[in-house]
Amino acid sequence: MRRWWILGGAVVFVTASGTVAVSTPKPAVVKTVSFNRDVRPILSESCFKCHGFDAKEAKGNLRLNDPKDATRDRGGYRAITPGDVTKSMIMGRITTTVEEMKMPPPHSGMKPLTPEQVEILKNWIQQGAKYEPHWSFVAPKKPAFPAVKQKDWVRTGIDVFVLSRLEAVGMAPEPEADRATLLRRVSLALTGLQPMPEEIRAFVASKDPKAYEKEVERLLASPRYGEHQARAWLDAVRYGDTHGLHLDNERSIYPYRDWVVRAFNEDLPFDQFTTWQLAGDLLPKPTIDQRIATGYIRMNPTTAEGGAIEAEFLAKNTFDRVDTFSTVFLGLTVGCARCHDHKYDPISQRDYFSLYAYFNSTADAPLDGNLLTPAPVMRARSHAQQEIAERYESAMANARASLSLDEVSAWAEAKKVFVPNVGNWEVSGPYTAANFDLAHTTEFGPEPGGVEDPGKWRPLAIRRGQFVTVAGKENSAGYARTTVTSDARRDVDFRFGSDDGIRVWLNGKLVHDNKVLRGVQTPVDNVRVTLEQGTNTLVVKISNGGGGDGLVYDVGDAVSDQAARLVALKARDPKRAEAGLRDLYLTSGPETSATIAYRKAKADLDQLDSMIPFTLVAEELPVPRPAFILRRGEYNLPTVPAYRRVPTILGETPKDAPKNRLGLARWLARPDHPLFARVTVNRYWQAFFGHGIVKTAEDFGAQGDWPSNIELLDYLAVRFAETGWSQKAMHRMIVNSAAFRQRSVVSNAKRDRDPENRMISRGPRFRLEAEVLRDTALHASGLLREELGGRGFKPYQPEGLWEALGFLDSNTARYVPDIDDSIYRRSLYLFWKRTSPHPIMLTFDAPMRESCVVRRGRTNTPLQALITLNETAFVEASRVLSERVMREAKTDDDRLTLAYNLTLGRAPKPQERALLKQSLTRYRARYAEDPESARSLVTVGFAARDASLDLADHAAWTMVCSTLLNTDEFMSLQ
Amino acid sequence: MNDHTLDPKREFELGMTRRQLFGRAALGIGTAALHRLLMGSGFLAPMAAMASQDTRHGGLPGIPHFAPKAKRVIYLFMNGGPSQLDLWDYKPKLHEEYDKDLPENIRMGQRLTTMTSGQARFPLAPSRYKFQKYDNGGDGVWVSELLPHTASVVNELCVVKSMWTEAINHDPAVTYIQTGSQLPGRPSLGSWASYGLGSENENLPTYVVLHSKVTRGNPDQALFARLWGSGFISSEHQGVSMRSNGDPVLYLSDPEGLDRKTRRDMLDDLAKLNQGNLNEFGDPEIAARIKQYEMAYRLQTSVPDLMDLTKEPDEVFAMYGEESRVPGTFAANCLLSRRLAERGVRFIQVFHRGWDQHGNLAGELPIQCKDVDQACAALIKDLKRTGMLDETLVIWGGEFGRTVYCQGPLSRENYGRDHHPRAFTMWMAGGGVKPGITYGQTDDYGYNLVDKDGEVITPSIDHFTPGAVHIHDLNATILNQLGVDHTKLTYRYQGRDFRLTDVHGHVVKDLLK
């Protein structure tokens, strides 16, 4: 390693040779340098990689992130001497022309500092080299309202900060957009759907000075609001309907998605919204919704690929949870610290694994078993369903209480019968074969009468009714054997469940052979055997095809056996015995008024539940799994233990908070948390204006974007906490602001000075998201079917997309589109296959939902044009929209006006009207000559066609409507 | 980059330039009228002028970093992990050790998948296939009887026998080799190429993905959209699948009952309406949208022309094999790859599935090879014939190799092999790689990498190990041939400059001319 003293010597040489010129000072006015605004970006970009937070990397033993280290005496010189540029070694190293001395080193690939940057560093040192903590690590304080001139423009606190910024640079805001534009804008922003003509008409005509605010309230109260706002959250938490890795089977977690919609609609305060998701299971007596919300924890992609190592995926799953947690709630990327201390932000590897320790101890298995409902899961009952269920449950409890213990005991005494004694088990295997058939039929050796090889057997505890793994591999077999003792020669019923095939020998004789592919975890194969008096040998072979394998057995008549066990238990544990006997009597005893009532209620409950989907939930293990700092982030290279705590730079969890996910959630919602509120309100701003105040919504660290208006950001953050974390209140504040209500017209001057509208010198204008595009097209045509929640639907999709990728064995290998009107549901409810999402979504920039995304791109590509021109749903929407305007209006002029209102929320301008009427005439003439083509065009899609319409006319109007659905205006919020 | 340090307008224009005018999104400026229309909007003029100086469409300024050896890549991906021991890595001594256990000093406690980690034994399975040494103009190369056609072009191939990776299961391994990370979320190799280099044809996608039919019914292993996805880079760089059934590019065809003239009329109306909105709002996104529709219209012509094989002479089909007449076969996709290459498509990736022989290798591997062998060789010959081989880098291989020991029942005639990440074989051709060489070697068991003296080498991801080629090294080398320094093609996301090769990867100079 190169030592600083060597470098020091070099600097002396450099100085002596006169090549150090600490940048020729320009006669510019020396401004006060802000460390955070001016200096940190330079250090972060050009220095911290080697001289930063990563202690192990610190080259030349110098860390410029640390003021103490940067200014310490290094034997006669300092890297930085506050107030004295000539005695600050770094300036020489930055400005030298000697290649070997130059910083950053030319071979590093980093660019040399610009003269402006050198000047900033120089001024900073001259002004005392004051460090400041990174802005986003300091709790926001409510800023004072700055004085503004154009006071009558201001409607909300937001506007003061926006206006102050504009006035500072001599710009004025835009006037309010016209009412029709405004209503379309705010409807799209809040609900993701455009207003309908009658709503526009009423709003435009209203004399009420509060008309706009009333519209806002109407939209906030609409269930559509939650559906639209949920979308961004589902991107962030990477919601999908499949596991995401390898087989990519379906998983049942959509009740979580529906809960997110509900939470927005009911305005669940954001601190609770967060707490329920992070730790709903750890709340006292959690409600069903609080548990459903923990689906957040389970959302990471999972696998059960043959050959996968559990420990490896436990680590990978947890990494994903940590990365998502920190991006969503902290706006920080901590992923770098998985392998080494973060280079740009003060997040150490220990910090990373301390967070990791919060998330590695849930009860779900690291491998998902390719199951629809990998445990833990729960039935996601609604409030109403829960009430009904509780009625049944109380009926069942009453029935139980009414039982007489004597009656129950007498029944049990009469019922109990002999149960043979099953000894300890041993297992052997796995024995692999080329395929399942061979695994089942091949005699691998441990069959009775086969060559006895004691070395191949190992003990395994197998208890009655308990499912255990025997083979452990795909296409393999495993054996289990034990002894069974009987007091006499007698017939006994054994029952077996197996995954997959099973063979059973008693005393060397094959008594059962079931070559079947199944995953049965309850004993279902009944096998009656004749036991000899004394010891009998029992051998079981399990043959496995794909996935996991297993064996479960039981013996004796289940009820009699249970009765015997419970009677025997009475002496030791009368309470448990009594409870067990009551249960047994209720399910298996004679018909009495109590048991009849019980069974009726139970059957009703089961029926109710059979209609209610399961959803994946999180549960904490009773004893946390130990966590370790993993060398280079490798699961099999643990070093020292890591304990639950939050990153040092971000303070600590409240003193009385538990050391678990609940404590973590409580820490987030602390009023002095520097990031939680800021990161969240920034995402709201992004949703309403197209970009955040911090453009890098996913990174508030040193490498992230500097906020375009930090006072505004802090104002919103503090207000958020003050409103009791009401998401609706924040959204209301934003859309009611004058800033949001500006015209979105861009003047040449503003395009030069504020090209991206980061100063909010005008209203928002941006292309709508994939989901909104599809939904608004359906809405215009009237096809949209609005229904909250439920299993994901499968709309039109070109054939073969899933088949080209998927596993034949996967239950999402084939795409079978729905054939009812569920294909017209809102895109939020699309069945989301994570390894192959719907092409409309992907083409319009939706993420795959395999990893956390808090900011979607907005591209503009020809493939998008092909979708809105040719995709079945868009063409169908065009022709059904044309049916609607033809039905609801009579003249071409009126029809055109209606079509414009349904799509763009306004009437056509004269030149638009002229253009489209001319085209209409041309299309009509063309299609009149070619009725077959007309028929083809107007029958695209499942929707029935209004047969009374003239074919050519209908086709012509279809073309006009399709034109409108393809305008940039239709695709944009403006 | 922090906004306040830059002139905002300049920053914005740079962004516009990258994202649209140079981006695939832009794909040229439409008709002369449209051109005027855009110029008319004033602010676009300087950028349009910039665009016209370059025949390339998209890509980053400053890239290529140096003169490229290859203009494009055709990557033949054998999904599942082809058995190097039965195709390329000839181990004659194994026959003497049939059914003996893999010596512990060879395995050295390396981790195994849980499909075989429970096996009581690791019996050695020598390949049942005959190998022959072919003259490659140098030291010669052993090739299995399963690849007779490929063997006929070995003088063009650079066969790398010392590929290695860390991932031992399909999903992580294939994600790793395609995106540089075992976890989802990163951009794929082809999307990096699209992002950095842009396209040479404004009328076709920059990164094209072709899926091949597999003769065996069940292709075993899955593919995932992320393998050609663009991760956090703009979605315009994701691979575009060209399909053999239905529309070759999704939604390419106009709806039935809508002829080209009507489409043209409709697009003309649309341009006028959009222009009106542009005049009113002045948002450059509207101008970009107008161009996208023109581009879409042209795609509707250029893609059918690309897919139309009727003008290919019979001898071409004979070369690729008769199944190349059947759309969607690997052979047809190889022929299509050549046509895409001719049209300047930057990155072409052909996927062929079904190479996961855990058992019944003898029943499956010959069919797999038959699917691809002749077409692979034909592609090399065809590129050579058309003078494109020098500037086209062709790559063949899968995500990892297979074990020398048997999984499941072993006989001389049939056996299965588990995943083996520590040594596997890929080959490259054209595009500035050395033809007619083999690189790297393995021990007598094909298990560990060894140096020239047969000493085991333990490669590390942290530094370059001569003789060993990590998948990051492969990716670094591919980018190098395209004129890209893999350490400098970066994308800032979440505060970090991400690269395809993460913080790893070295260009393997020994493979290059």
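Author: Happy to, and one convention comes first: helices (H or I, at least four residues) and strands (E, at least two) are DSSP runs, numbered from the N terminus. This is a predicted model, in which local features need pLDDT of at least 70 and side-chain atom pairs count only at pLDDT 80 or more, while totals for chains, interfaces and linings use all residues. Residues are numbered from 1 along each chain as its sequence is written, and chains are lettered from A and ligands numbered from 1 in the order in which they are written.

Now the loop. Pro64(B) sits between α3 (45–52) and β1 (72–78) of chain B. The peptide bond that leads from Ile63(B) into Pro64(B) is cis, with omega near 10°. As background, most residues other than glycine have a negative phi, and most peptide bonds are trans.

Chain A has a cis bond too, from Asp499(A) to Asp500(A), with omega near 5°. Asp500(A) belongs to the loop between β6 and β7 (501–506) of chain A. Strand β6 (residues 490–499) of chain A pairs with β9(A) in the antiparallel sense over 7 bridges; two strands count as paired if DSSP finds at least two bridges between them. Val492(A) has Val529(A) of β9(A) as its bridge partner. These strands belong to an open, antiparallel sheet of 3 strands in the order β9-β6-β11 (chain A). Its edge strands, β9 (525–531) and β11 (550–555) of chain A, each pair on one side only. From one strand to the next the twist averages 30°, taken between axes that are lines fitted to C-alpha atoms (for helices over the stretch in contact), with angles running from 0 to 180 degrees between N-to-C directions.

Asp502(B), in the segment after β17 (496–498) of chain B, has a phi near 55°, positive although the residue is not a glycine. Arg632(A) likewise has a positive phi, of about 50°, and lies in the loop between β13 (627–630) and β14 (638–642) of chain A. For their surroundings we count neighbours: a residue is buried if 20 or more other C-beta atoms lie within 10 Å of its own, exposed if 12 or fewer, and partly exposed in between, with C-beta atoms placed from the backbone. Asp502(B) is partly exposed, with 15 other C-beta atoms within 10 Å, whereas Arg632(A), with 11 C-beta neighbours inside 10 Å, counts as exposed.

Helix α12 (residues 254–265) of chain A is a contrast: 12 of its 12 residues are buried, so it is largely enclosed by the rest of the structure. Among those buried residues are Trp259(A), Val261(A) and Phe264(A). The elements that cover α12(A) include α11 (223–236), α13 (270–279) and α26 (727–736) of chain A. The 12 residues of α12(A) should span 16 Å at 1.5 Å a residue, and the end C-alpha atoms are 17 Å apart, which agrees; the expected span is 1.5 Å times one less than the number of residues. Asp267(A) follows α12(A), with a positive phi near 55°.

Back to chain B as a whole: it has 14 helices and 17 strands, and 60% of its 513 residues count as buried. Chain B places 84 residues in contact with 102 residues of chain A, where contact asks for C-beta atoms, placed from the backbone, within 7 Å. On the side of chain B that touches chain A, α9(B) gives the most, with 12 residues. That side divides into 30 nonpolar, 35 polar and 19 charged residues; Ala, Val, Leu, Ile, Met, Phe, Trp, Tyr, Cys and Pro count as nonpolar, Asp, Glu, Lys and Arg as charged, and the others, Gly among them, as polar.

Last, the interior. A nonpolar core is a set of buried Ala, Val, Leu, Ile, Met, Phe, Trp, Tyr and Cys residues joined through C-beta atoms within 7 Å. The largest has 327 residues, and those with the most contacts inside it include Ala877(A), Val73(B) and Cys334(B). Leaving aside residues up to four places away in sequence, Cys334(B) touches Tyr320(B), Val350(B), Ala375(B), Cys376(B), Ala378(B) and Leu379(B).

Definitions and conventions:
Two residues are in contact if their C-beta atoms, placed from the backbone, lie within 7 Å.
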